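Welcome! Take a moment to look over the sequence and the fold, and then let us walk through them together.

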Amino acid sequence: ILISILCIMRVDGKPVADFKKMAGMIQWPVLFMVMSAVFLASVMKDTEATGILPFFKKVLNPVLGTSNEMVFALIIFIAGTILTSFFHNGILSNMMAPIIVAFSVASGFNGVAICIIMTLLINIVAYLTPAASVYAPLIHGNKEWLTMKQIWIIGGSYALVNILVLWLIGFPIAKWFFAGL
């Protein structure tokens, strides 16, 4: 509505916003890529359309099914940090949330707190590779800002600090805040 109003409004006989110029500046390939990624994520977590979630539950149960809540959360946070370098962070959080909730319900863990901290963490570290988020290619595409080695050294250190802080401080606070969910 705001864009329509700005296109209709005139200052000195010219529209405040020129729709043709604005449409030419939109990164259409990126927009369509994000839209298709969100669609694919919703299809991938549908157990009738694909068997990805049951497969992950079956494969991960021996590893995650026997741990306590803090160890389970740490494994999820580390896995999320690593996987977000290869998957888009939005798709990854959509795919991991049902798996986390399924394991949490079966084990008596606070799945809401784990999902919230995991989502926060993977959004914080979604720049280590160009595939991690929509904005990560901006960092990797500008070699005069940072080299790939600098991104991995600085970003990797930052990711480790975030994992520890969110695991040791953020997760207990989230557990307290979302107790009973």
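## Two aromatic pairs

Both Phe-77 and Phe-171 are buried. This is a predicted model, and in it the ring centres of Phe-77 and Phe-171 sit 6.0 Å apart with their planes at 80°, so the pair is edge-to-face. Because Phe-77 belongs to helix H5 and Phe-171 to helix H9 (residues 148-177), the pair ties together parts that are 94 residues apart in sequence.

By the rule that ring centres must lie within 6.5 Å, the count comes to four aromatic pairs. In the pair of Phe-72 and Phe-109, the centres are 5.3 Å apart and the planes meet at 40°, so this pair is tilted. Phe-72 is in helix H5 (residues 69-83), while Phe-109 is in the loop between helix H6 (89-107) and helix H7 (111-124), and the two are 37 residues apart. Phe-72 and Phe-109 are both buried. Elsewhere, ring pairs join Trp-176, Phe-177 and Phe-178 into a cluster.

## The nonpolar core

Which residues touch the most other members of the largest nonpolar core? Of its 22 residues, they are Phe-72, Ile-76, Phe-77, Ile-100, Ile-114, Met-118 and Phe-171. The elements that contribute two or more residues to this core are H5, H6, H7 and H9. H7 gives the most, with seven residues. As a general background, nonpolar side chains tend to be buried together in soluble globular proteins.

Setting aside neighbours within four places in sequence, Ile-114 is in contact with Phe-72, Ala-73, Ile-76, Phe-77, Ile-100, Ser-104, Phe-109 and Phe-171.

Let us start with H5. At 1.5 Å a residue, its 15 residues should span 21 Å, and the end C-alpha atoms of H5 are 21 Å apart, which agrees. Its buried residues are Glu-69, Phe-72, Ala-73, Ile-76, Phe-77, Gly-80 and Thr-81. Viewed down the axis of H5, these buried residues fall within an arc of 165°, so they line one face of the helix.

H7 can be checked in the same manner: at 1.5 Å a residue, its 14 residues should span 20 Å, and its end C-alpha atoms are 20 Å apart, which agrees. Buried in H7 are Gly-111, Ala-113, Ile-114, Cys-115, Ile-117, Met-118, Leu-121 and Ile-122. What do the buried residues of H7 pack against? They pack against H5, H6 and H9.

Thr-129 lies in the loop between H7 and helix H8 (136-141). With a relative accessibility of 12%, Thr-129 counts as buried, because the cut-off is under 20%. Not counting residues up to four places away in sequence, Thr-129 touches Ser-85, Phe-86, Ala-136, His-140 and Trp-152.

Asn-162 is found in helix H9. At 12% relative accessibility, Asn-162 counts as buried. Leaving out residues up to four places away in sequence, Asn-162 touches Leu-121 and Ile-124.

## Confidence in the model

The mean pLDDT of the chain is 81, and 85% of its residues reach 70 or more. Among the elements of the chain, strand E1 (residues 10-11) has the highest mean pLDDT (92), and helix H3 (residues 28-44) has the lowest (66).

Notes:
Residues are numbered from 1 along each chain as its sequence is written. Side-chain values use heavy atoms; hydrogens and water are left out. Rings of Phe, Tyr and Trp (its six-membered ring) pair if their centres lie within 6.5 Å; planes under 30 degrees apart count as stacked, over 60 as edge-to-face and the rest as tilted. Helices (H or I, at least four residues) and strands (E, at least two) are DSSP runs, numbered from the N terminus. Buried means under 20% relative accessible area, exposed over 50%, partly exposed in between (1.4 Å probe, protein chains only). A nonpolar core is a set of buried Ala, Val, Leu, Ile, Met, Phe, Trp, Tyr and Cys residues joined through side-chain atoms within 4.5 Å. Contact means heavy atoms within 4.5 Å. pLDDT is the predictor's confidence in each residue, from 0 to 100. The expected span of a helix is 1.5 Å times one less than its number of residues. The arc is that of the directions from the helix axis to the C-beta atoms.
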